[in-house]
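Here is a short briefing on pockets and on one annotated stretch. Keep the structure open as you read.

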Amino acid sequence: MADIPQDAPEQCPGTGSGEAGKASACQGCPNQTLCSAKPQGPDPDIAEIKERLTSVKHKILVLSGKGGVGKSTFTAHLAHGLAADESKQVGVLDVDICGPSIPRILGLEGEQVHQSASGWSPVYVTDNLAVMSVGFLLSGPDDAVIWRGPKKNGMIKQFLRDVDWGDIDYLVIDTPPGTSDEHISTTQYLSQTHVDGAVLLTTPQEVAIQDVRKEINFCRKVNLPIIGVVENMSGFVCPHCTKESVIFPPTTGGGEKMAADANITFLGKLPLDPRIGKCCDEGKSFFDEVKDSPATQAFKDIIEKIKDYCSKRKENTEVDTGEEK
Amino acid sequence: MSAPRDHLSTVKHVILVLSGKGGVGKSTVATQIALSLRDAGHKVGILDVDLCGPSIPKMFNVSNQDIHQCPEGWLPVFVDKEQTLGIMSISFLLDNQNDAVVWRGPKKTAMIKQFLNDVYWKDMDYLIIDTPPGTSDEHITVMENLKQYNPDGAILVTTPQAVAVGDVRRELTFCRKTRIPVIGIIENMSGFVCPHCSECTNIFSKGGGEALAKQSEVPFLGCIPLDPQLTQSLEEGQSFADKCSSSPTMAAINTLVKRLMAIDRDLP
C-alpha cells in the first residue's frame, strides 16, 4: 500500500485504510490518534471532481516555478488559439488565487460568476471560450485574497467540482508560481481524471530556469506528464531599427538546453514584443490585433504542437483502456 | 530548552521587498539595495523567504554553500570575508539545487519561523527580506512574526504593465490590512534602450507604477530601466555596481537607496 509511512510499525494498515488507528499494530504508534480521527477512505470530492470533469476531453496545466514568465499570457493565448476553431469548446481555469491575471488578459475585468442549478456558470469571452477565476469573486481591484493554504485548497476544490463547464474539448489551467498548495491540490484533485499534461514556461536566464528545473522535479514527483517547455521573452526586436537584442541572457543555454538536459520536448521560443504586453493590458487577443508579429507565428506553431500531443495522447489512452478490458 | 532566541531585536532596520506579481524583480531589487547599503558602509543581511523558488543565492553566486551552526543559532552565509553581507535562504539546505520544495503552507510557515528566530544576524544595520509573489502563507507568517520588531516598512516592486500593477494593488491592500508601513513603489523594467540605435522602447508599457503610487497615495521611489547588463551580472553573481557604475540603472538604484536611508533617519 502506498499510504504506509516509511517509519510505520510493521502490519500498519495504511493511513487511508478503514482500519487506520484501530488495527492491533496501531497500538503504541505515535500517530494512532491522528489516524483514527481522520475521515476514512479517499476524499469523496475527488470522485465528484472526476464525475464533473468527464465532460472535459483534454486538460492542460500551464506551470512554471518562476513568476512573471508569462504563464497567464500563454494560457490566455493558448485558449484563444484553440478556440479559433469554432467547433471546439475551450475553458480556462485560473487557480492563481492571490494574483489572478486571467480576467484582465481576457478582457473580463469586473465580471461576476452566476450560480445555476448545475453549478457555477463560467464567464464567456466568446461562445466557445469560458473562463473561471477568483478574480470574478472579488468585489474590486483593490481586494486582496489573504489566505493560507487550506482556504486556497478549498477554493480550488470548488472550482474543479462546482463549475459547470458543459461539454468542452480543452480545459487550460493557469497556475501561480511555485510548487506549493495550489499545485499539490490541483494535481491531487485531478488524480482520478485524465490530465494530458503540463506545459512549462520559462524565460532564458538561469535565475528563472533554476526554478523551472524544480518544477520539472515536481511534475516527476506527482507523476504529471510534461507536454514540453516554452521559452518566453527570448530576444527583443527593436521596432525602430529591427535589430535583435538579448534582454534576459541565456547564460546556461536557455530553455532549449534545459529541456534537452531533462529529456523533455522543447516546444519553441516566443520573442518579446511590446505589443503582446499591450494586448494583455487591454484584454485583446494578440492573434487578432497583431497578425504580422514573428511572435504570432511562433505562438501558432507551439499551439499546433500541443494539439498534436493531446490528440495522440487521447488515442494512446483509448488503446490502453481497451487492453484493460 | 532555552528561552526563545531574539536575534531580530539586534537588527536596526528591517525592510521587506514585496510584490503581488512574480518575476518583476523582487530579488534583483533586494540584491541591489543590499549591495548599495553595504557600499555605504552598513552591515546588511538578506533573508530569502521564497521557499519554492529561491533566487538570492544564485544572484550572489553562493548557491553551493552550507549553513553552519553556532551556539547562538544558524550563521548566515557571508558573501565577503569582512562579513558585511550575510544571506539566509532555503537553497543552502537543499542537497541538490534542482530539488523541488513541495510543501504545503504549515511546513513553509514552520521553516520561516525558524529563519526568523534562529538565524544569528549579529547586529546587522539592515535586514532585507525577499518574499515570494502573492499574499499567502509566507507573507502572513512574516508579518505576524515581525510585528514586535517594528519593521521600517515594505518596498513594493512592480513592472509597468496593467497586469502586474493589478496584482500590486492587492499587495497594497495586504500591507494596509496587516498594518505594515509602505516605504514606496518601485517601477522596474520600465523602458529598454536599444543598444543598436539607442531608441527607448517601453516593452512592458510605462508609468503604471507611478500612477498606482499617486492613486494610492504612497511615495513613488523611481523607475529602474531594463538593462541586459544587470541581468547578466546577476546571472554570474557579480556586483553590477562594480561592473557598470555609469549605467542609468545604477543611478536609479542609488537614488533609491539614498531615499531609503533618508526615510530611516526620520524614524524615531
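Predicted model: local features only at pLDDT ≥ 70, side-chain atom pairs only at ≥ 80, totals over all residues.

Residues are numbered from 1 along each chain as its sequence is written, chains are lettered from A and ligands numbered from 1 in the order in which they are written, and side-chain values use heavy atoms, with hydrogens and water left out.

**Terms for the pockets**

- Rolling a probe the size of a water molecule over the atoms shows where empty space is left.
- A pocket is an open set of points on a 1 Å grid over the protein atoms alone, where a 1.4 Å probe fits, with protein on both sides within 12 Å along at least five of seven lines. Lining residues have an atom within 4 Å of a point.
- Grid points are joined across faces, edges and corners, and a volume is the space filled by probe spheres set on the points.
- Helices (H or I, at least four residues) and strands (E, at least two) are DSSP runs, numbered from the N terminus.

**Largest pocket**

- The volume of the largest pocket is about 500 Å³.
- Its lining has 17 residues, and I184(A), T187(A), Q188(A), S191(A) and V222(A) lie nearest the centre.
- Helix α6 (residues 181–189) of chain A gives the largest share of this lining, three residues.
- Eight lining residues are nonpolar, six polar and three charged. Here Ala, Val, Leu, Ile, Met, Phe, Trp, Tyr, Cys and Pro count as nonpolar, Asp, Glu, Lys and Arg as charged, and the others, Gly among them, as polar.

**Second largest pocket**

- The second largest pocket holds about 430 Å³ of space.
- It is lined by 29 residues. Nearest its centre lie R104(A), E109(A), P141(A), G166(B) and R170(B).
- α4 (102–105) of chain A, and α5 (162–177) and α6 (208–216) of chain B, each supply at least two lining residues.
- α5(B) gives the most, with seven residues.
- The lining divides into 12 nonpolar, 11 polar and six charged residues.

**Annotated binding site**

- An unreviewed UniProt entry carries the annotation "binding site" for residues including G67(A) and G68(A). Such annotations may be inferred rather than shown by experiment.
- G67(A) sits in the loop between β1 (56–63) and α3 (71–83) of chain A. G68(A) lies in the loop between β1 and α3 of chain A.
- Why does G67(A) count as buried? Its relative accessible area is 8%, and buried means under 20% (exposed is over 50%, partly exposed in between; 1.4 Å probe, protein chains only).
- G68(A) is partly exposed, because its relative accessibility is 24%.
- Not counting residues up to four places away in sequence, G67(A) touches P177(A), G22(B) and G23(B). Contact means heavy atoms within 4.5 Å.
- Leaving aside neighbours within four places in sequence, G68(A) is in contact with M233(A), G22(B) and G23(B).
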